[in-house]
There are 2 protein chains.
Amino acid sequence: MLIYIAQLNPKVGALSHNTEKIIHALNRARLEKAEIVIFPESAISGYPPEDLLLYNNFIDQMEKELEKIIEASQNLFVVVGTIRRNTEIRGKPLFNSAAVIYDKKLLGYKDKTLLPTYDVFVEKRYFESSHIQKVFEYKGKKIAIAICEDVWANSDDELKKYKQDPVEDIKKLNPDLLINISASPYYYQKKDLRIKVLSKVAKTLRCPHIMCNQVGANDQLVFDGHSMCFDKEGVLIAEAKGFVEDHFLIDIEKPNPQSIFKTDPLSELYSALVLGVKDYFRKLNLSKACIGLSGGIDSALVLCIAADALGPHNVFALNMPSRYSSLSSFEDSNKIAANLRVEMLDIPIDHMYQQYLDLLSPLFAGKSFDTTEENLQARIRGMILMAISNKLDYIVLSTGNKSEMAMGYVTLYGDMCGGLGVLTDVSKTLVYALAKWINRKKEIIPQSIIKKAPSAELKADQKDQDVLPEYSIVDKVLEGYVEDHLSIEEIVKKYNLDITLVTELVERIHRAEYKRRQGPPGIRVSKKAFTKGRYFPIVQGWISE
Amino acid sequence: MLIYIAQLNPKVGALSHNTEKIIHALNRARLEKAEIVIFPESAISGYPPEDLLLYNNFIDQMEKELEKIIEASQNLFVVVGTIRRNTEIRGKPLFNSAAVIYDKKLLGYKDKTLLPTYDVFVEKRYFESSHIQKVFEYKGKKIAIAICEDVWANSDDELKKYKQDPVEDIKKLNPDLLINISASPYYYQKKDLRIKVLSKVAKTLRCPHIMCNQVGANDQLVFDGHSMCFDKEGVLIAEAKGFVEDHFLIDIEKPNPQSIFKTDPLSELYSALVLGVKDYFRKLNLSKACIGLSGGIDSALVLCIAADALGPHNVFALNMPSRYSSLSSFEDSNKIAANLRVEMLDIPIDHMYQQYLDLLSPLFAGKSFDTTEENLQARIRGMILMAISNKLDYIVLSTGNKSEMAMGYVTLYGDMCGGLGVLTDVSKTLVYALAKWINRKKEIIPQSIIKKAPSAELKADQKDQDVLPEYSIVDKVLEGYVEDHLSIEEIVKKYNLDITLVTELVERIHRAEYKRRQGPPGIRVSKKAFTKGRYFPIVQGWISE
């Protein structure tokens with residue numbers, strides 16, 4: 001029984017486009033003699049469709065697209081993710097569903113049981129949960145179906161505890177195969193956890209477990225693909241590639257040796273960022289990006305990612321020195337642009353900066369230099385980048401990293417300008433690790449950039465560490481407070497840090513909430529991003545007053 | 001049996017501060033001979049506490065604050081909103097709960113059944129639902145307790161259909177009184193619906209229904225208070241004031257004549273906006289605002305709201321003319337500032353604008369004037385406002401209205417700069433209505449401002465209607481598409497509009513998503529705001545590609 005796992009990259013809301021991809025895969029699967037074809041969760045709408053689901057005609061159109069898929073299914077057993085109406089009078093109006101089709105007939109639906117509503121997920125906003133587990137018979141085999149979260153009840157994550165575990169109920173049905181359609185987003189080092197969870201389900205059910213995952217970036221979420229097949233002992237026996245559309249064929253009764261990819265967390269992180277940029281542009285029909293180069297490591301890394309995602313010829317770098325910019329920054333910017341074959345232009349901003357100082361001096365008489373003047377420089381740069389964006393159709397990529405976003409060490413409407421914040425979910429620690437990974441074969445990012453002390457160069461002899469502790473400490477607090485929801489006391493204990501320091505850093509995180517609220521959308525690559533799936537009040541009295 | 005309804009204004013997360021307010025109300029109630037005291041939903045944490053709930057020590061501290069309240073409850077029967085742990089092994093870790101206390105003893109909890117997860121609500125992110133309804137006996141009376149949404153199952157709103165109606169189960173318990181603790185946010189013209197829904201519950205249960213609502217603004221949500229008492233016939237017999245902390249006393253066995261306030265939708269809308277500004281500043285320990293005046297109606301209205309919320313002496317207006325600004329705009333700005341006794345300063349920006357044109361001219365050679373140059377002017381103004389904000393501690397209030405935000409007829413990092421977008425949820429139609437309402441007794445907003453054709457004055461002889469249809473049409477599409485989730489075809493039919501025009505406007509709404517994502521937080525005053533409770537992908541293929 002040959003099974004074709006179609007790991008597709010849908011575009012959210014592009015129903016007919018996504019359906020064409022599905023039908024194309026069906027035809028290819030038939031050519032390859034497959035009997036069963038599996039698609040990801042919400043393959044017709046793309047995941048997550050968000051509030052498009054509140055439009056009745058969106059649901060109507062999905063029904064029509066499903067009809068086309070049914071029509072194109074001759075001789076195939078197909079499992080495809082869709083969204084359908086809940087026809088009961090009570091309960092949320094929709095089900096997140098798997099349509100099960102055989103040979104141009106709809107056999108039925110398996111509706112999702114566990115509706116993730118935590119972190120980046122808000123499925124209970126739209127969907128009713130179904131408590132019915134069932135198997136579909138095909139050639140004497142009992143095929144059970146799960147949708148993504150349905151197999152994650154036992155993942156030991158406090159934040160998504162459920163009252164039931166669908167796998168327990170599926171087990172009672174003695175399936176011969178579990179087909180799991182997923183839209184499981186990537187985060188750094190998640191793959192090991194996913195293998196562990198999915199493998200355990202195969203062992204529990206004592207049957208093979210095939211998971212077909214969505215791939216591609218939709219807005220801020222990156223889906224890594226890596227569709228997988230586990231045998232009944234829970235051994236991973238086949239895997240699709242990560243971060244690209246792919247498919248594999250497997251006969252679960254007599255599996256052939258298949259590709260299994262070694263997990264390399266930094267390589268995956270880099271691929272996720274590249275895919276995040278690539279799909280954002282491609283799916284918006286955009287091609288060109290511009291980036292302000294500071295001579296620092298963040299903008300150098302963003303330049304690498306952009307050049308990989310869009311091609312160096314589609315990337316435009318700007319060097320915009322003020323009186324506080326060092327010659328070495330200028331040289332370093334030139335070097336990285338040359339290494340990547342990216343065009344770079346110099347637009348000195350000091351004259352403009354002086355104009356603002358003169359304009360504002362009557363108002364600011366007697367006041368000394370402070371962040372106001374620093375922000376002016378960052379905002380002039382933002383304005384120039386945005387003018388280039390408006391006139392020449394470049395999308396500005398913002399370069400602030402997650403540690404800076406946490407600390408508020410970024411200028412709102414300044415270096416925070418941009419259509420996409422490439423590194424807003426990458427800590428400074430990981431920025432360095434990625435830079436070294438990029439240089440693993442040859443020097444692309446100049447060593448001088450990696451080795452210099454971080455500086456915004458917005459005043460004389462400035463260093464980030466004038467106002468912040470070492471980033472290694474910032475990143476521990478970031479991990480403890482933002483990602484793991486530890487209290488100040490727990491962070492002090494876990495990382496052996498000073499309580500005054502930790503308190504100050506946690507207060508900084510909350511004080512910067514108003515900036516982040518207006519930050520560019522980011523590419524979510526950690527298990528807790530600032531830009532998606534995190535809801536904190538700007539006005540609050542828990543921390544810092 | 002005298003009941004004291006304590007309509008408090010808590011600050012989210014300020015647990016000990018909120019507890020002090022609660023205890024103060026208990027003492028006052030005792031002085032006034034009350035036997036029962038009722039507080040709003042989540043009175044200890046303030047509503048909505050959002051992801052502060054993910055911190056264990058936040059929950060621990062709420063437990064400690066509740067102990068203080070219990071300790072201060074001598075001789076009183078108290079119902080107070082809190083959040084407590086779900087001690088079962090399975091299910092979400094918390095309950096949204098009412099603690100029921102009598103004379104320094106905790107009698108028990110009533111946990112919330114219906115957890116709103118739609119629009120601005122995400123309660124299923126945090127809470128497990130309780131299916132148990134119960135009554136507490138006090139002096140021979142059976143007191144049932146509901147928490148806000150628990151009584152809204154029958155409100156006929158498609159988006160929040162539930163599988164059960166707790167009122168049906170409460171009815172079986174034959175209560176003598178229903179106490180309903182709420183944190184029910186305001187939106188324009190909601191009050192009539194609320195009265196209808198709450199009144200029906202009293203009639204269904206054939207007992208009095210007392211609803212104690214939170215008041216005050218927390219971040220983007222405004223809670224209007226208007227706590228209410230209905231008799232068993234469903235007649236509204238007592239009401240607390242709107243938009244201020246208040247309390248009332250009622251003896252449900254022999255109710256005295258009480259205040260009932262006439263509903264005036266525009267007056268309430270204005271109060272909501274003023275409270276939104278006031279609480280944002282007060283709860284952040286801020287006092288001063290600056291506003292760029294354009295001579296148009298939006299900035300004039302924001303100036304009125306700010307002067308009311310913060311006092312005219314705390315408001316600073318800037319007039320920043322470019323070569324395209326008219327003399328009449330300058331005069332109108334002067335007039336409104338003078339009428340409100342707000343200080344105004346002129347900072348002409350034309351010289352700075354010319355500097356940017358010169359700086360960019362080598363790059364833009366051969367390209368004609370377009371929105372780039374318009375945006376430059378708006379962004380120079382934004383930079384000046386932000387410099388004043390940074391140096392002199394004024395918070396910038398942004399003035400773009402909801403119709404402009406819908407159409408993307410605003411400049412990102414330009415007029416969208418600001419700590420708070422006062423009108424981001426007020427359509428142009430309502431902006432005019434509010435201006436006329438403000439002028440109902442005497443002219444505060446000059447007639448010339450109200451009568452002139454809307455113009456951004458960013459190029460010669462510019463009018464909004466050069467690129468947009470009349471705002472009356474824009475606002476119909478806004479209402480149909482954004483608030484009511486109608487399809488293009490349904491909007492065409494409902495408002496008798498041209499399909500090409502409606503399609504173009506709907507496409508504009510989606511195209512502007514990337515701008516709104518980086519917009520300032522707004523004050524939510526409609527049933528569907530852009531800035532909170534609306535999730536749309538920037539990258540989507542449903543509308544416009």
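Axes are lines fitted to C-alpha atoms, for helices over the stretch in contact, and angles run from 0 to 180 degrees between N-to-C directions. Helices (H or I, at least four residues) and strands (E, at least two) are DSSP runs, numbered from the N terminus. The model is predicted: local features need pLDDT of at least 70, side-chain atom pairs count only at pLDDT 80 or more, and totals for chains, interfaces and linings use all residues. Residues are numbered from 1 along each chain as its sequence is written, while chains are lettered from A and ligands numbered from 1 in the order in which they are written.

Two helix pairs of chain A were examined. The axes of α5(A) and helix α6 (residues 297-310) of chain A come within 8 Å and cross at roughly 55°. α5(A) is therefore oblique to α6(A) (angles under 35 degrees count as roughly parallel, over 145 as roughly antiparallel, 65 to 115 as roughly perpendicular and the rest as oblique). The crossing of α5(A) past α6(A) is right-handed; a crossing is left-handed if the near helix is turned anticlockwise from the far one by less than a right angle, and right-handed if clockwise. On α5(A), the contact is made by A:L273, A:V274, A:V277, A:K278 and A:F281. On α6(A), A:I305, A:A306, A:D308, A:A309 and A:L310 take part. Two residues are in contact if their C-beta atoms, placed from the backbone, lie within 7 Å. The residues of this contact of α5(A) with α6(A) comprise eight nonpolar, no polar and two charged. Ala, Val, Leu, Ile, Met, Phe, Trp, Tyr, Cys and Pro count as nonpolar, Asp, Glu, Lys and Arg as charged, and the others, Gly among them, as polar.

For helix α8 (residues 350-360) and helix α9 (residues 371-392) of chain A, the axes come within 10 Å and cross at roughly 125°. α8(A) is thus oblique to α9(A). Here too, α8(A) passes α9(A) in a right-handed crossing. A:M352, A:Y353 and A:Y356 of α8(A) meet A:L376, A:Q377 and A:I380 of α9(A). Five residues of the contact of α8(A) with α9(A) are nonpolar, one is polar and none is charged.

In chain B, an open sheet of five strands has the order β17-β16-β15-β18-β19, with parallel pairing. Strands pair if DSSP finds at least two bridges between them. β17 (343-346) and β19 (420-421) of chain B stand at the edges, each with a single partner strand, so one side of each lacks a neighbour in the sheet. Two bridges join β18 (residues 395-398) of chain B to β19(B). B:S398 stands opposite B:G421 in β19(B). Helix α6 (residues 297-310) of chain B lies across β15 (289-293), β16 (315-319) and β18 of chain B, at about 160° to β15(B). Helix α9 (residues 371-392) of chain B also lies across β15, β16 and β18 of chain B, running at about 160° to β15(B).

Between the chains, 75 residues of chain A are in contact with 75 residues of chain B. α2 (56-71), α5 (265-283), α8 and α9 of chain A each supply at least two residues of the side of chain A that touches chain B. α9(A) gives the most, with 12 residues. By class, that side of chain A has 35 nonpolar, 21 polar and 19 charged residues. The copies meet through the same surface, because 100% of the interface residues of chain A are also interface residues in chain B.

Chain A can be laid on chain B with an RMSD of 0.0 Å by a turn of 180° and a shift of 0.0 Å along the axis. Superposition is by least squares on the C-alpha atoms of residues with pLDDT of at least 70 in both copies. The two copies are thus related as by a two-fold rotation axis. In chain A, the C-alpha of A:Q518 is nearest the axis, 2.1 Å from it.
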